[in-house]
Amino acid sequence: MDKDWEETADRLANAAVSDGEPTRWFDELYSAGERGEHSLPWDRGAANALICDWADQREGAGARALVIGCGLGRDSEYLATLGYAVTAIDVAPTAIRTAQQRFPDSTVHYRVADLLNPPADLLGAFDLVVESYTVQALPPSVRAEATEAVTALVAPGGTLLVIAMVLADDEPVTGPPWKMTRANIDAFASHGLDLMRLEEVESESGYRQWRAEFHRPAD
């Protein structure tokens with residue numbers, strides 16, 4: 001049995017992008033994992049440490065939070081423990097169903113939604129939007145569209161947290177994931193948001209990550 005889901009991800013992603021359906025491969029990958037063809041993708045045992053470290057210094061207290069590309073729910077569940085009213089979206093129905101099964105008593109509102117075609121009720125609705133590794137999982141051909149869609153979800157006075165892998169100056173642009181340059185990160189500030197803080201952080205695996213915090217001025 002193939003347990004290397006990353007190899008399968010590369011194959012499915014490249015086929016989907018070639019067919020002009022850049023989000024199709026996510027549910028294909030989760031479904032194959034559900035069938036036992038490989039391990040479930042992005043099945044982390046804990047929430048992303050970069051999100052936890054950032055969120056632990058703030059108070060949720062009922063603030064409306066959105067997790068984009070929530071996958072199997074670890075980050076969403078963590079934010080809920082801090083008092084956020086969390087909505088978690090993913091384009092893959094299999095991922096949403098699995099998260100709901102894993103956390104049957106959760107307060108998180110899990111729902112299927114496509115970042116490239118977000119439901120109208122999500123637009124400008126959240127005090128905190130968390131974009132962790134989702135835009136980088138989409139090809140450069142739709143990056144500008146995806147970036148703008150992310151920013152459209154942030155409410156007046158709200159915050160956007162972006163986490164992505166760093167593309168080095170001498171590194172070729174290949175994917176998935178299609179790593180991000182400083183200019184790609186700065187692009188989130190071109191839709192009415194201000195960049196408040198940007199860090200480069202080294203992961204335990206040795207690769208560099210961006211952690212960027214943006215703010216939309218209140219009306």
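The protein has 7 helices and 7 strands, where helices are DSSP runs of H or I with at least four residues and strands are DSSP runs of E with at least two, both numbered from the N terminus. This is a predicted model, in which local features need pLDDT of at least 70 and side-chain atom pairs count only at pLDDT 80 or more, while totals for chains, interfaces and linings use all residues. Residues are numbered from 1 along each chain as its sequence is written, and side-chain values use heavy atoms, with hydrogens and water left out.

Reading from the N terminus, the order of elements is α-α-α-β-α-β-α-β-β-α-β-α-β-β. The radius of gyration is 16 Å, close to the 17 Å that the globule rule gives for 219 residues, so the protein is as compact as a globular protein of that length. (The radius is taken over C-alpha atoms, and the rule is 2.2 Å times the number of residues to the power 0.38.) Along the principal axes, the C-alpha trace spans about 50 × 45 × 35 Å. Buried residues (under 20% relative accessible area, with exposed meaning over 50% and partly exposed in between, for a 1.4 Å probe and protein chains only) make up 50% of the 219 residues. Of the contacts (heavy atoms within 4.5 Å) with a separation of 6 or more, 63% link residues 24 or more positions apart.

Now for the helix pairs. Two packed helices are described by the angle between their axes and the distance between the axes. The axes are lines fitted to C-alpha atoms, for helices over the stretch in contact, and angles run from 0 to 180 degrees between N-to-C directions. Helix H1 (residues 5–18) and helix H2 (residues 24–34) cross at roughly 150 degrees, and their axes come within 9 Å. H1 and H2 are therefore roughly antiparallel; under 35 degrees would count as roughly parallel, over 145 is roughly antiparallel, 65 to 115 is roughly perpendicular and the rest is oblique. On the H1 side, Trp5, Thr8, Ala9, Leu12, Ala13, Ala15 and Ala16 meet Arg24, Trp25, Glu28 and Leu29 of H2. Sorted by class, this contact has 8 nonpolar, 1 polar and 2 charged residues, with Ala, Val, Leu, Ile, Met, Phe, Trp, Tyr, Cys and Pro taken as nonpolar, Asp, Glu, Lys and Arg as charged, and the others, Gly among them, as polar.

H2 also packs against helix H5 (residues 93–102), this time at an angle of about 50 degrees with the axes 7 Å apart. That makes H2 oblique to H5. Asp27, Tyr30, Ser31 and Glu34 of H2 make the contact with Pro93, Thr94, Ala95, Arg97 and Thr98 of H5. Here the classes come out as 3 nonpolar, 3 polar and 3 charged residues.

Gly20 sits in the loop between H1 and H2 and counts as exposed, at 58% relative accessibility. The C-alpha atoms of Gly20 and Ser141 are 9.9 Å apart, although 121 residues separate the two along the chain. Most residues other than glycine have a negative phi. Ala61, however, has a positive phi near 45 degrees; this residue lies in the loop between helix H3 (49–55) and E1 and is exposed at 59% relative accessibility. Tyr133, in the loop between E4 and H6, likewise has a positive phi, of about 70 degrees.
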